[in-house]
Amino acid sequence: MARYFIRRALSLIPTLFVIVTLSFFLIRLAPGGPFAREKDVPEFILQNLLKRYHMDEPLGKQYLRYLGDILRWDLGPSFRYRDLSVNEIIDKGLPVSMTLGVTSLVLAVVSGIAVGIISALRQNKWPDYVAVSIAVIGISVPLFVMGPILQLFVGMRWKILPMGQWISVHGIKAIILPALTLSFPYFAYIARLSRASILEVLRSDYIRTARAKGLKESMVVWKHVLKGALLPVVTYLGPAFSGIVVGSVVVETTFLIPGIGRPFVQSALNRDYTLIMGEVIVYSVILIFANLVVDLIYGLLDPRISYK
Amino acid sequence: MSEKKEKQAVNEFNQVMKPVSLWADAWKRLRKNKMALISLYIVSFYIIVTLFAPLLTKAGIIYDYREQTISNASLPPSFKPAGQLVIKKLEARIADLERTLEEQKAEEAANGPSGSYGFDFGAVPGTETETADQSAEVDPNLNFSLDFGGHGTDTESSSNPLVRELGYQKEALEKVKTEMNTNPGYQKVYVLGTDDLGRDMLARVIYGGRISILIGIVGTLTAALVGILIGSVSGYVGGWLDNLLMRFVDIMYGLPYMLIVIIIMAMIGEKARGSFVILFVAIALVSWLTIARVVRGQIISLKNSEFVEAARSMGASTPRIIFRHLLPNTLGVIVVFSTLLMPSFIMNESFLSYLGLGVSAPNASWGTLVSEGVRAMEFFTWQLLAPAVAMTLFLFCMNFLGDGLRDALDPQSKNRT
């Protein structure tokens with residue numbers, strides 16, 4: 001197990017390396033630099049600016065320098081926010097984004113599984129139909145439609161919850177709408193997934209055996225059905241988490257949440273090289289480690305999988 | 001001679017027996033699934049309408065999506081002609097202004113003039129010449145406020161703008177009433193309302209859908225072609241090539257691909273973004289992975305079956321085996337995945353457009369329309385709801401259709417007749 005973990009962790013290094021290299025060269029090879037907008041800057045100031053950010057060096061040297069910096073977890077100064085380093089921006093935003101992401105994931109998993117169980121046990125009765133319809137709606141409504149509509153009705157018209165901004169301004173209530181928005185598609189997918197797999201498990205032989213033994217129905221469901229049926233849900237946690245991480249960019253923009261999502265969009269619009277790179281690296285590390293954790297959980301739950 | 005005949009027999013077996021029975025069967029099942037069938041009709045309707053949108057504009061059924069009628073800005077959805085709505089809007093505004101002025105009058109009478117109005121419109125009077133006769137009409141009010149100005153501090157500038165606006169609005173109302181039957185702009189009917197530049201929302205939604213659906217279709221086709229090619233070669237040839245390709249796919253899977261697309265979109269800059277070809281390429285480049293994996297899995301499970309062995313023993317070449325024998329058998333899965341890929345394409349494109357990184361003006365996709373609607377949603381809700389509902393309905397139907405197709409084409413199903 002430990003050896004497997006180490007091997008998996010080591011195999012992440014090439015992926016990260018590819019991400020860093022790919023995004024570095026994509027950004028550097030694109031026409032127009034980060035200072036291209038400041039047209040009336042005198043030549044010698046431009047030269048000084050380029051020197052300040054080491055952009056006058058040959059590309060290879062810049063690349064090696066950047067790799068070295070990353071190994072020391074120094075993501076460099078931001079090009080646009082002149083008095084902030086990328087590390088500072090990320091340190092400030094990451095806890096906020098992680099709070100939002102983890103809340104949404106937990107919400108999606110708990111409510112998704114609950115709805116999945118209810119609708120599977122009441123198959124083809126009205127709770128099932130309601131659940132299935134909600135699930136399909138959830139998969140079809142994009143985040144950037146769901147978010148503004150919740151804002152409009154719950155926040156603006158009915159004034160039940162704050163329309164935007166974060167816990168620091170509105171208290172814990174501020175997290176409800178963004179987390180609902182962000183978790184809805186994944187809640188829907190998990191509900192569908194767990195419904196299908198519970199239905200499948202309910203038809204299997206070992207459930208018939210459990211019932212034949214005279215076990216109470218609640219015991220059958222909680223101890224036997226769920227254990228087998230939730231494996232697909234665990235597999236889906238990886239993609240769900242990465243979806244939530246990417247989706248949080250939209251939700252943070254919509255609800256004006258001070259996470260790392262908004263600086264990311266801004267950096268993309270401003271061509272803030274170092275900030276884009278830093279954000280992409282942070283996001284990738286989060287995603288890759290989330291997938292690793294999911295793999296390990298999967299192994300713990302399913303004794304058929306052995307790690308060699 | 002005889003060899004050729006046998007080849008034809010194999011061909012015929014594959015063509016007549018297998019594919020036809022599969023698709024006819026799938027269609028039979030799909031027809032039983034009411035939701036999927038309704039979805040199919042709605043999706044076809046969307047595609048036909050958006051495809052023939054320019055013809056509809058020419059025929060005068062829908063308005064031009066670029067045509068700005070400033071006088072008709074931000075009208076709510078209605079079947080009445082625009083002129084009536086404009087009149088209603090102006091009347092409401094005038095009533096509002098008059099009420100505010102009344103309140104102000106009462107308040108000032110009670111408290112005496114207060115200096116709480118911080119703004120100064122002193123420079124404005126006299127700049128507009130065409131309203132000269134109109135200001136005569138509201139003179140009583142004006143005189144009243146000027147009277148107050150005599151013994152107040154800066155009351156003149158505080159009540160003046162409202163009174164002046166009332167004058168403008170009344171003038172505009174008269175103008176609309178007289179032009180009602182002569183100005184073609186006031187005869188227009190906006191079923192879904194108008195946006196802040198007086199453009200028809202219905203036309204905007206249809207043309208937005210045209211771009212979104214186009215990106216969806218072209219992107220899906222590109223992704224499917226690349227995925228099929230790589231997946232089938234990788235699955236059939238196997239060995240080191242398979243290993244290499246699949247490791248590559250693994251690494252690509254590890255990439256946070258929307259982030260890579262965002263980088264690409266940010267880097268190509270605003271000018272190039274106008275041509276949304278790059279958007280196709282950017283999204284398609286990273287979304288062939290799933291199809292490649294699925295096709296590879298199917299091919300591996302099929303490549304040792306008897307019919308492939310038979311084809312090989314008769315000397316069929318590798319490309320022939322892949323394209324004539326293996327791929328037709330995986331087509332069902334490919335169709336299902338492509339149907340489900342398309343809504344995700346449209347969502348991703350709109351996601352980028354919403355963030356300002358996708359399709360840029362003058363083109364507009366559903367995502368652009370939604371993000372414009374969000375800015376106006378407080379007062380002009382329909383500007384958000386029209387594109388949002390249109391888009392959601394389409395995605396909903398595509399998902400239902402994909403599910404229906406999966407049920408209909410399910411390769412695991414045993415009770416096929």
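The crossing of H9(A) and H10(A) is right-handed; a crossing is left-handed if the near helix is turned anticlockwise from the far one by less than a right angle, and right-handed if clockwise. The contact is made by A:Tyr206, A:Ile207, A:Ala210 and A:Arg211 of H9(A) and by A:Val220, A:His224 and A:Val225 of H10(A). Two residues are in contact if their C-beta atoms, placed from the backbone, lie within 7 Å. The contact residues comprise five nonpolar, one polar and one charged. Ala, Val, Leu, Ile, Met, Phe, Trp, Tyr, Cys and Pro count as nonpolar, Asp, Glu, Lys and Arg as charged, and the others, Gly among them, as polar.

This is a predicted model, in which local features need pLDDT of at least 70 and side-chain atom pairs pLDDT 80 or more, while totals for chains, interfaces and linings use all residues. Residues are numbered from 1 along each chain as its sequence is written, and chains are lettered from A and ligands numbered from 1 in the order in which they are written.

The axes of H9(A) (residues 205-212) and H10(A) (residues 217-229) come within 10 Å and cross at roughly 150°. Axes are lines fitted to C-alpha atoms, for helices over the stretch in contact, and angles run from 0 to 180 degrees between N-to-C directions. H9(A) is therefore roughly antiparallel to H10(A); the term covers angles over 145 degrees.

Chain A holds 13 helices and zero strands. Helices (H or I, at least four residues) and strands (E, at least two) are DSSP runs, numbered from the N terminus. The C-alpha trace of chain A spans about 85 × 55 × 30 Å along its principal axes. Of the 308 residues in chain A, 39% are buried, with 20 or more other C-beta atoms within 10 Å of their own. Among contacts in chain A with a separation of 6 or more, 72% join residues 24 or more positions apart.

Between the chains, 33 residues of chain B are in contact with 35 residues of chain A. On the chain B side, two or more residues each come from H9 (239-254), H10 (257-267), H15 (318-355), H16 (366-376) and H17 (382-409). H17(B) gives the most, with eight residues. This side divides into 25 nonpolar, seven polar and one charged.

B:Pro81 lies in the loop between H3 (53-58) and H4 (82-111) of chain B. B:Pro81 counts as partly exposed because it has 15 C-beta neighbours inside 10 Å; the class lies between buried (20 or more) and exposed (12 or fewer). Not counting residues up to four places away in sequence, B:Pro81 touches B:Tyr186, B:Gln187, B:Lys188 and B:Val189.

Key:
Angles under 35 degrees count as roughly parallel, over 145 as roughly antiparallel, 65 to 115 as roughly perpendicular and the rest as oblique.
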